Amino acid sequence: MLRLILATRNAHKTLEIQEILGNRFVVEDLRAHPDIPEIIEDGATFAENAKIKALAVSRMCPGLVLADDSGLEVDAMAGAPGVRSARYAGEKATDQQNIEQLLQELGKRAPAETGPRTARFRCVMALARDGNFIRTVEGAVEGEIVQAPRGAGGFGYDPIFQPRGYEKTFGELPAETKNQISHRARAVQELRGCLPVA
């Protein structure tokens with residue numbers, strides 16, 4: 001099996017990527033490398049942030065490094081929260097605080113009875129090795145924002161995002177289902193073609 005380092009300390013994200021990749025890779029993240037400092041994500045796009053993280057970590061760790069930058073884009077909010085999804089309600093905001101902030105803001109711009117609540121999750125992954133950028137891949141899943149959080153599964157905005165064609169939110173759907181249709185799953189599918197064979 002091949003070793004793949006994820007440029008994240010988000011345990012939820014690591015678990016999700018490991019489950020999507022299956023047993024082809026031994027996946028570890030930056031929790032195994034406490035000496036690596038926090039990386040400043042100051043890019044204007046998901047792709048820029050993913051590339052910043054992948055290159056920074058690949059300069060400090062040998063082997064393949066994969067960075068993921070992802071978030072929620074709400075049409076009625078001009079694509080917000082976008083790259084600020086994890087920090088929408090503040091730099092140290094919790095998932096619940098971000099959800100509350102988004103629902104409050106969306107309610108002003110697209111009331112349930114009058115406006116569209118269409119949205120998408122977007123994910124861009126960047127692959128690097130030894131300080132050299134290899135490529136980026138992207139995945140997205142369309143859906144809508146529901147009125148109130150539903151379900152205790154997933155993380156981030158999952159309890160308020162209902163993917164198109166489903167009657168349950170990502171917070172309600174089994175992880176196996178989410179990991180087949182999510183933005184991250186679609187990005188990983190694009191990535192498989194440029195990963196070495198174990």
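User: F170, buried or exposed?
Analyst: F170 is buried, because its relative accessibility is 1%. Buried means under 20% relative accessible area, exposed over 50%, and partly exposed in between, with a 1.4 Å probe and protein chains only. This is a predicted model, where local features need pLDDT of at least 70 and side-chain atom pairs count only at pLDDT 80 or more, while totals for chains, interfaces and linings use all residues. Residues are numbered from 1 along each chain as its sequence is written, and side-chain values use heavy atoms, with hydrogens and water left out.

User: How many aromatic pairs are there?
Analyst: Three aromatic pairs are present. The pair of F161 and F170 is tilted, because the ring centres are 5.4 Å apart and the planes stand at 50 degrees. Rings of Phe, Tyr and Trp (its six-membered ring) pair if their centres lie within 6.5 Å; planes under 30 degrees apart count as stacked, over 60 as edge-to-face and the rest as tilted.

User: And F161, buried or exposed?
Analyst: F161 counts as buried, because its relative accessibility is 0%.

User: Which residues do ring pairs link into a cluster?
Analyst: F121, F161 and F170.

User: What does β4 pair with?
Analyst: β4 pairs in the antiparallel sense with strand β3 (residues 64-74) over eleven bridges, and with strand β5 (residues 132-145), also antiparallel, over twelve bridges. Two strands pair if DSSP finds at least two bridges between them.

User: Which residue is the bridge partner of V65 in β4?
Analyst: A128. On the β5 side, L127 stands opposite R135.

User: What about the hairpin of β4 and β5?
Analyst: There are two residues between the strands, and D130 takes a positive phi near 50 degrees.

User: How many disulfides?
Analyst: A search of the whole structure finds zero, with a disulfide taken as a pair of cysteine sulfur atoms within 2.5 Å. C61 counts as buried at 5% relative accessibility, and C123 is buried at 0%.

User: Where is T8?
Analyst: T8 lies in the loop between β1 (2-6) and α1 (11-21). T8 is buried, with a relative accessible area of 11%.

User: What does T8 touch?
Analyst: Not counting residues up to four places away in sequence, T8 touches K13, T14, D29, L30 and R31, where contact means heavy atoms within 4.5 Å.

Technical notes
Helices (H or I, at least four residues) and strands (E, at least two) are DSSP runs, numbered from the N terminus.
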